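Please consider the following note on a protein model. It is set out as numbered points for a reader new to structural description.

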Amino acid sequence: MRVGTRMKILSISTIGLAAIVAGLVVHGHTLQVRAARLDHVAAPQPYFPAGSIWTQDVSHAPTDPNSSTMISTLESAGGWGHGRMQVDMNVRVVKADAKTPLVPFHRGPGFYAADSDEPTTFPLPAGGGIEGQPGYQCNIEEGDCHLLVVDRAHSKLWEAYQANYADGAVSANFVAVWDMNRIYPASGRGDQCTSADAAGFPIAPLVFSADELATGSINHAIRFIIPNPRIRAKVFVHPATHAGAPRGPATAPPMGARFRLKASYDISQLKPAARIVARAMQKYGMLLSDGGNITLSAQSDADTVAKYADVDFGVHDLQPLKVTDFEVVDGGKPIPLTDDCVRNK
């Protein structure tokens, strides 16, 4: 090789190396800026005291004797809804404070009188909204219209199903006012009692948020749903207290089943933010909460400090997780559904 050629190659290589170094510096600066912004995101406060069922570490809990059968049945039926694990980022959890106005509450046309709390007023924070909505108006004939309000000033979590705000009042077909100072028993608000979800437990403590992803930790079980024909009919297991409309075979998982991502699953194949969710699935599991097609529920970033774009997390980032990557934690003997709600004191 001639000297001139060698010098030319060396010059090009030096330029290339400089570009790479410059790129790393710029990239490092970008990461530092992003980290500085996310460092200002505080870890979200828990909704209930330590020791609550949905914050229990089940990473070493025994599997259900019928775990393999339930997983096989679900896989044969098509697995997750739409055949893939997808995330719904439309669950709004709006924050009330001591100054939040209370508006009148009215029964909806299909009010669940036996199971529901029946407040005379309902907190309505300014700028909030119902699930999937920019405001407090929702067509209950087209959706679940969950209205979730956390009021830490009074230690109350308000969760309404088929809610709407019109003519100066909130109406809903169901309301649960949860006491955030209480560690609820396995039977929750009471066996055979529903909640804003068919399973009977609260929604807000089970949905993960962009703020949690920004702080790097999800410290609770995660809400998940599958189509009703894939959920065992007429039974539930604690911590569920109700079953709703499932119509699956006796070998299908019951409402309240806690799925756990297998410890052997290599989460390194997932994107960094998705690994945070996967680790929570391995430690706390996922609780079968209702029937539907979009597997996981996440809090809308309309009500969080961080945004999903900040943490680079998208609705399909957990799609590599298959039903067969999970096992079912032992939930005890299934409880037959009677719908005879008996509220816990």
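The points below treat the model, its strands and its pockets in turn.

1. This is a predicted model, in which local features need pLDDT of at least 70 and side-chain atom pairs count only at pLDDT 80 or more, while totals for chains, interfaces and linings use all residues. Residues are numbered from 1 along each chain as its sequence is written, and side-chain values use heavy atoms, without hydrogens and water.

2. An open sheet of mixed pairing is formed by four strands in the order 2-5-6-9. Strands are DSSP runs (E, at least two residues) and helices likewise (H or I, at least four), numbered from the N terminus; two strands pair if DSSP finds at least two bridges between them. At the edges are strand 2 (93-96) and strand 9 (174-179), each pairing on one side only.

3. Strand 2 runs parallel to strand 5 (residues 147-151), with four bridges; here A96 stands opposite D151.

4. Strand 3 (residues 102-107) pairs in the antiparallel sense with strand 4 (residues 121-123) over three bridges, and L102 has P123 as its bridge partner. Strand 3 also pairs with strand 8 (residues 169-172), in the parallel sense over three bridges; F105 is partnered there by V170.

5. The lining of the largest pocket has 16 nonpolar (Ala, Val, Leu, Ile, Met, Phe, Trp, Tyr, Cys and Pro), five charged (Asp, Glu, Lys and Arg) and nine polar residues (the others, Gly among them). A pocket is an open set of points on a 1 Å grid over the protein atoms alone, where a 1.4 Å probe fits, with protein on both sides within 12 Å along at least five of seven lines; lining residues have an atom within 4 Å of a point.

6. In the second largest pocket, the lining has four nonpolar, ten polar and six charged residues. Among its 20 lining residues, D88, E131, G143, D144 and H146 lie nearest the centre.
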